[in-house]
Amino acid sequence: PAMIPTRIFVLLSVALLLVIPTIAQDPVTFATVTIPSGCTYEGQWYPDGSFKPNGNPCRPCHCSHGRAACAIVDCFFNACVDPVQDPDHCCPVCPNGPNCRAPD
């Protein structure tokens with residue numbers, strides 16, 4: 001039978017002793033998870049900053065540090081006789097500027 005020289009046998013033994021514990025250990029992997037900053041309002045998630053729930057211009061909100069703060073817009077009287085409801089604004093706007101109708 002062929003004999004393995006002693007020097008090679010010792011080197012192989014040392015290599016196996018170094019590798020086997022590494023293989024036997026359970027690998028542990030750590031993943032970095034980045035959680036975006038924002039908040040949940042009425043079941044919907046919004047990023048930090050201003051938002052309008054459901055696109056409602058009458059309900060401006062702001063999200064900061066996981067909390068939402070919303071305002072209620074109250075429309076005052078119109079300064080015109082021909083107000084128009086613009087979908088981008090909560091309150092009616094005066095397309096022709098302030099105007100009034102004088103009695104006849």
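In what pairing are the bonded cysteines of the protein chain joined, numbering them in sequence order? The pairing is 1-4, 2-8, 3-5, 6-9, 7-10. This is a predicted model. A search of the whole structure turns up five disulfides and two aromatic pairs.

**Disulfide Cys 39 to Cys 63**
- The sulfur atoms of Cys 39 and Cys 63 sit 2.2 Å apart, forming a disulfide.
- This pair links distant parts of the chain, 24 residues apart. Cys 39 is in strand β1 (residues 38-41), and Cys 63 is in strand β4 (residues 61-64).
- Cys 39 and Cys 63 are both buried.

**Disulfide Cys 61 to Cys 70**
- Cys 61 bonds to Cys 70, with 1.9 Å between their sulfur atoms.
- The S-S torsion is about 110 degrees, so this disulfide is right-handed.
- Cys 61 is buried at 5% relative accessible area, while Cys 70 is partly exposed at 31%.

**Disulfide Cys 80 to Cys 94**
- Cys 80 and Cys 94 are joined by a disulfide, S to S 2.2 Å.
- Here the S-S torsion is about -85 degrees, so the disulfide is left-handed.
- Both cysteines lie in the segment after β5 (67-70), so the bond ties together parts 14 residues apart in sequence.
- Cys 80 is buried, with 9% relative accessibility. Cys 94 is partly exposed, at 27%.

**Aromatic pairs**
- The ring centres of Tyr 46 and Phe 51 are 3.8 Å apart. Their planes meet at 15 degrees, so the pair is stacked.
- Tyr 46 and Phe 51 are both buried.
- Ring pairs connect Tyr 41, Tyr 46 and Phe 51 into a cluster.

Technical notes. Residues numbered from 1 in each chain as written. Predicted model: local features only at pLDDT ≥ 70, side-chain atom pairs only at ≥ 80, totals over all residues. Heavy atoms only, no water. Phe/Tyr/Trp six-rings, centres within 6.5 Å; stacked < 30°, edge-to-face > 60°. Buried < 20%, exposed > 50% of the residue type's maximum accessible area, 1.4 Å probe, protein only. Disulfide = S-S within 2.5 Å. Helix = DSSP H or I, 4+ residues; strand = E, 2+ residues; numbered from the N terminus.
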